[in-house]
Amino acid sequence: EFLDFILMIRNKKITVNYDSGNSASLGFDFEKEINLYGEKISNIHIKDRKFQGGPVILGEGDAQLKKVKNFIFSENYNGLVVFQAFRDKKPIKTFKQQFEYFLNL
């Protein structure tokens with residue numbers, strides 16, 4: 001349904017922002033989404049969430065982060081990456097931990 005909407009617009013400037021956490025919380029499968037609109041993705045938000053739940057530290061939720069990382073580092077992706085990772089009372093320390101986690105997947 002979403003892909004049909006994007007294609008209906010017929011404008012190359014209209015692209016997809018893929019959010020790993022939002023997709024996980026809604027129960028979407030990364031590979032199915034990539035197969036549908038992968039070439040239209042121009043921006044990826046790195047986030048983790050539990051199915052039907054809120055944000056959690058990267059690796060503690062249901063986002064398929066290793067697959068997302070592989071896609072980002074593939075020859076098929078040339079867009080932006082934004083870390084919208086979990087925040088707490090020690091945001092810099094927590095971000096660094098999550099960034100390292102993601103890089104080491």
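Helix H5 holds both Phe 95 and Phe 99, which are separated by four residues, about one turn of the helix. The model described here is predicted.

## Aromatic pairs across the structure

Eight aromatic pairs are found when the whole structure is searched. One of them joins Phe 83 and Phe 102 in an edge-to-face arrangement, with 5.4 Å from centre to centre and 90° between the planes. This pair links distant parts of the chain, since Phe 83 belongs to strand S5 (residues 80-83) and Phe 102 to helix H5 (residues 91-103), 19 residues apart.

The two partners may also be described by their accessibility. Phe 83 has a relative accessible area of 23% and is therefore partly exposed, whereas Phe 102 counts as buried because its relative accessibility is 2%, and buried means under 20%.

## The stacked pair

How are the rings of Phe 95 and Phe 99 arranged? Their centres lie 5.7 Å apart and their planes meet at 20°, so the pair is stacked; planes under 30 degrees apart count as stacked.

Phe 95 is partly exposed, at a relative accessible area of 35%. Phe 99 is likewise partly exposed, with a value of 30%.

## A cluster and a charge over a ring

Which residues are linked into a cluster by ring pairs? The cluster consists of Tyr 18, Phe 30, Phe 71 and Tyr 77.

A further feature involves a lysine. Lys 69 is placed over the face of Phe 73, at 5.6 Å from the ring centre.

Methods
Residues numbered from 1 in each chain as written. Predicted model: local features only at pLDDT ≥ 70, side-chain atom pairs only at ≥ 80, totals over all residues. Heavy atoms only, no water. Phe/Tyr/Trp six-rings, centres within 6.5 Å; stacked < 30°, edge-to-face > 60°. Helix = DSSP H or I, 4+ residues; strand = E, 2+ residues; numbered from the N terminus. Buried < 20%, exposed > 50% of the residue type's maximum accessible area, 1.4 Å probe, protein only. Lys NZ or Arg CZ within 6 Å of the ring centre and 35° of its normal.
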